[in-house]
Each structure stands twice: as structure tokens, then as C-alpha cells.
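These are my notebook entries on a structure that was new to me. I set down what I looked up, entry by entry.

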Amino acid sequence: MAQYKIIYFGIKGRAEAFRMIFSVADVKYEDVIIKSGDWPAYKQSTPWGQLPLLEVDRKQLAQSSTICRYLGRQFNLCGENPWESAKCDEYVDATNDLIEEWVGFTFLETDEAKKAERKAKFIATLIPNCFSKLESIKEKNGGDFLVGKKLTWADINVADKLQIIEDDVDPTVLEGYPNLKKFKNAVLSLPKIKAYVEKSGYSYKGLENNLGE
Amino acid sequence: MSYKLYYFDARGLNEPLRMIFALGGVEYEDVRIPLGDIPPPPTIPAEIKEKCTWGQVPMLEFDGRKICQSLAMQRYFAKKFNLVGSDDWEAAQIDEYVDSSKDFLQVWVPPLTEKDPAKREELIKETKAKTVDKYLKTFDKIISANGGKRLVGKNLSWADLWLAHVLNNLELVGGVKLAEGFPALKALCDTVFATPEIKAWVEKRPKSKF
């Protein structure tokens, strides 16, 4: 069995989807936590000056979507055929822009007025644009998942993003999207994921002090 | 099987797909939407926009199906044409280097779309300084450690196409030549552009500003 390590800050952030994938697959991993005080020095040793990293038998992989996809593939959570795998990629990429904008105004924007403006636009325009499309994709696919008939890494990745937005931006955000609400709850209530979330103790708060870029 | 590709009249984020299509011998209808005078962002005609799942391009229609998101599209065809390394780990490393190449391309968008000449020159200088360490030295090291011509493994991958495209595009759009002084980067680009199908595509592809 490969030895897995997640190298990241002590937060949910971009590594939470990995941890949920490991829990569904029943695979052990080590959480190597980099404290924010140690980050400036540690940063120099990372390939792109960023975290998270996945270490597999001492080899390292960077870029969170790449890591998620790799783990999805290792644990048979990547669709039943090349087309379904491509759809997983498409839905994850389509929701990445939304999360990157959230990261931008939440943690990187220093101008208070601009921050408020970006957040307002996020709620009024960006969320509806993305969620309305995702809602109809979910509805069309039927069942509990976004792609095909089985759980994929895209379900975990996207459900996690929906949870972030609900927790940090607007607790009522999914009220207008009943299929997405049902989907998120279905994925996060899967027994192994639920068990992991309940005992993890990680929070979505506290990122402000830790984001390196 | 007929393929219809919708994108702007530009190389941009979608050019690696056209390079992959060239390598795979795929014939397709290449629908090119005018880019206009960016910034401000270009307009996608309504009849196309409503066909696009996310209201964005690129989008590819074939066999009654639709796929969007540039990297998802490219990865699907890269797999078909054996451009994804020889195992899952190599495929993942290729994904990582594509992600980083895309970040590298996007960091250069503000300087190269800046209209004020003085500001543009300043931004180009700043971006050069920022990207030499983060991307050029890192990629050069990776290529050198892998035998000097390719990013991953023994054969051409879609990560090689991406990096070569970014460096080539910076030159075409802004006259910025970053591979100079990095022999491994230059060898990678030369190898990619000497590949017969890529060479033929580059010679016949429509000229566009971006």
C-alpha cells in the first residue's frame, strides 16, 4: 500500500476534499501540518511556492485539482469511462472559478470597499450564474450524483465547495437550488464522509493568517 | 464523427486543444468568435452562448454530446492520443505542469492587454521578474532532470504542448522571449515545434493577435 501524506496548513481549505476521498476509500494518510509561522521558510522548498502538496511514497504532487483527480483515479472514483471522467473534470473546473473568486475577496483583497463590492457581485451574479447551470445538470443526471450512477471525486469536490459557500457567504444560498441542496446533503451524509467530518475538528475559519499567496 | 469547436479567434487557453487535434489528425469545424478590443471582455453571440453549458467558450460539440472547460476538453483528447504519460503518476505530473503552465499564461494577461504603453512596459518588467523564478527556473530544472527535452517521461505529452505554447504565445503577443537563457526550455520548445503535425498546424493556423 502506498504511503500518503497531505502537506498543508491546519485547516480544511483545499485539502478537505482529499481527506474526504481518503475516508470514503478507507485509506490511511498522514496530515503534515505547516504552521503559518513556519510557512515563509517552508515555501522555498515547495515546487510552486504553494500548498497543498500530496506526498505518495516520498514523491510529491502539487495543484489541488490534480491531486483530487489523482486520488479519485486511485480509488475508482473517477467515472465508469473516459467520457464520465471528462465530465468530472468539467464540473470541477467550472466551479473552481467561483471558489477562486471567493478566495480572492475573502483572503487576498485588502481594500475594504472593493472587498464589499466583490462580495456583493459574487452573491448577486456569480453564484446564480454557476449554481443555476449546476442545478440543471444535477436535475438532468437524476440519482444522487453529478456524473453517471456512482460517486465520483467530482461529487466530493463540488459538495465541499457548496458547503464552503453556505458556511462562509450565505447560509440560505442553496434554498433556490433544491437539487443542489439535496445533492450536497446526500454526499456529505455518506457514512464514511459523515464520520470523518464529525471527528475532524477542522474549520473553514482561520484561513486569513495562513494563505501563502 | 463530426466535431464543432467554438472559441474566440485567438490561440489563448484553447490552442493546446488545436495542437492535440493536429497530432490526432482530427478534422473539425473551427468556429471563431471575434475577440474585439480586449479588455473589456469579448461578447459571445447569444445563439452560441445559450448552447454553452456555462455560458463560456471553448465548447466542443460531437456525436450529440457537448464538453466545456478548456483543460477538461484537452485532457479527454490527450488521453485518446496517448499524450498522458505511461501511468497514473506520470498523468498526474502532466496535469500538475499543465495547471502551472496555465497559471503562468494567466499571470501575463494583464501586462499584455494593457493599452497604456508606459504602464505596459512597467508591467512587463514586473511580470518578467516575478515569473523567472517561479516558472522558468522551475520548469527548466524539471526538464533538465528528465533528460533535457520533455517535462514528463519519455514521450511527448500535452504538458510539453502547453509550456511550449505559453512561451511561443508570449513572443507572438508581446515580443517577450523568456526561453532565452534557459537551454532546457528552449530544447523543449524546439522539440514541440519540430514535431511534424505541430509544425504543419502552426504554419497553416489563422493569424490572430492573441
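The entries below concern one threonine and then several salt bridges.

**Entry 1: the model.** I note at the outset that I am working with a predicted model.

**Entry 2: A:T106.** I looked up where A:T106 sits and found it in helix α4 of chain A, which covers residues 82–108.

I next examined the side chain of A:T106. One of its polar atoms lies 2.6 Å from the backbone oxygen of A:W102. Setting aside neighbours within four places in sequence, I found A:T106 in contact with A:K115 and A:D168.

**Entry 3: A:R69 and A:D89.** The side chains of A:R69 and A:D89 form a salt bridge, with an N to O distance of 2.8 Å. I checked which elements hold the two residues: A:R69 belongs to helix α3 (residues 64–74) of chain A and A:D89 to helix α4 of chain A, so the pair ties together parts that are 20 residues apart in sequence. I also looked up the accessibility of each partner. A:R69 is buried at 11% relative accessible area, and A:D89 is buried as well, at 3%.

**Entry 4: A:E109 and A:R118.** I recorded a salt bridge between the side chains of A:E109 and A:R118, at 3.0 Å from N to O. Here A:E109 counts as buried, with 14% relative accessibility, whereas A:R118 is partly exposed, with a relative accessible area of 24%.

**Entry 5: A:E198 and A:K194.** A further salt bridge joins the side chains of A:E198 and A:K194, at 3.4 Å from N to O. I asked what separates these two residues along helix α8. Both lie in helix α8 (residues 191–200) of chain A and are four residues apart, so about one helical turn separates them. A:E198 is exposed, with a relative accessible area of 60%, while A:K194 is partly exposed at 41%.

**Entry 6: chain B.** Lastly, I looked up which residues of chain B are linked in a network of salt bridges. The network I found consists of B:D9, B:E15, B:R18, B:D30, B:R32 and B:R205.

Conventions: Residues numbered from 1 in each chain as written. Chains lettered and ligands numbered in written order. Predicted model: local features only at pLDDT ≥ 70, side-chain atom pairs only at ≥ 80, totals over all residues. Heavy atoms only, no water. Polar contact = N/O pair within 3.5 Å; in protein donor to acceptor, adjacent residues only side chain to side chain. Contact = heavy atoms within 4.5 Å. Salt bridge = Lys/Arg side-chain N within 4 Å of Asp/Glu carboxyl O. Buried < 20%, exposed > 50% of the residue type's maximum accessible area, 1.4 Å probe, protein only.
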